[in-house]
Amino acid sequence: MLNLIKMDLYRMFHSLSTWIIILFTAGMALFCVVMVQGDLDAMADDPAYAQEMEQEAASASDGNEDRQIGLYSESDPEWIEGRIDAGEFISSQLQSGLLTLFVVIFAAIFANAEQKNGYVKNIAGQLTNRGTLALSKLAASAVQVFIMLLVFSLAAGVREKILWGGRFSLGSLTDMLPFLGAQYLLNLGIAALILFLCILTKSSAFSMTAGIVMVMGLFVPLYSIINRAVYEIRPSWDFDISLYLPDGNIGLAGLHASSEILIRAAVVGGAFVVICAAVAALIMQKRDVR
């Protein structure tokens, strides 16, 4: 198992697509800082817009905001003149799902690459348990998701310091760790889901499309139908299926989220990692290698 993980890590770090994704992750972080500055300029010129954004930010911090379709992030009106906390900025960008979009793309490309170069066919016959091939890919994906999260946070922090100077505040790393940990598990859970879909369908295009549709919130109408069906069966049950899915928790697990939200997010992310990895390993073990 350890040798398989080493081989997958070697393949990952020597793959051009890996470094392109990391480069785009850093670039997106820099782009987010510039876009937030543009948003702050717009709020400074339009007090009504600033008031609207302040109300939306307050609703989001309470966890009462309905999920919207598409990728978006919110700028705090207090940033117009006040200090800009690194944790709050990074939190707002991670909650937007931008990083998750790159996680989906990487996971689909990496998981399906070996199907094209014959890696599985060459090595599977030497293994008594082919399911470990899926687990080793997940281990490599866990490293990549961590690197992407780290690169995104560092690139955003450096750009913030350059653009905002003395108004930039690093804040407390201790306060940032809980929500960063929850976001890591949620993104890893989605990477595990993409890995499972790639193994199940043998199609990176289908898996990537399904992941992008999920991250973009295009499944929200479907979630609403399921919630309505559950309500019709049990009206007393306040059920929301999105709260039990990684994409539904990413927008909630922010810096100022309650411990209940963060714990639920971490449990959901971890559960998806375990379940998707187990099913993917089972499929890999049972399927004939061609």
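Me: How many salt bridges does the structure hold?
Reply: The structure, which is a predicted model, holds 2 salt bridges.

Me: OK, which residue meets D8 in a salt bridge?
Reply: The side chain of D8 meets that of R11, with an N to O distance of 2.5 Å.

Me: And where do D8 and R11 lie?
Reply: Both are in helix α1, which covers residues 2–13, and they sit 3 residues apart, or about one turn of the helix.

Me: Is D8 buried or exposed there? And what about R11, buried or exposed?
Reply: D8 counts as buried because its relative accessible area is 1%, under the 20% cut-off. R11 has a relative accessible area of 18%, so R11 is buried as well.

Me: Now the other pair: which residue forms a salt bridge with R228?
Reply: That partner is E232, and the closest N and O atoms of R228 and E232 are 3.0 Å apart. The two residues are separated by about one helical turn, because they are 4 residues apart in helix α10, residues 220–233.

Me: Switching to the surface, which residues form a nonpolar patch?
Reply: L16, I20, L23 and F24 form a nonpolar patch on the surface, and together they have about 450 Å² of accessible area.

Terms used
Residues are numbered from 1 along each chain as its sequence is written. This is a predicted model: local features need pLDDT of at least 70, side-chain atom pairs count only at pLDDT 80 or more; totals for chains, interfaces and linings use all residues. Side-chain values use heavy atoms; hydrogens and water are left out. Patches are made of residues with over 30% relative accessible area and no salt bridge: like charges are joined within 9 Å, nonpolar side chains (Val, Leu, Ile, Met, Phe, Trp, Tyr) within 5 Å. Accessible areas come from the Shrake-Rupley method with a 1.4 Å probe; for residues, only the protein chains shown count as cover. A salt bridge is a side-chain nitrogen of Lys or Arg within 4 Å of a carboxyl oxygen of Asp or Glu. Buried means under 20% relative accessible area, exposed over 50%, partly exposed in between (1.4 Å probe, protein chains only).
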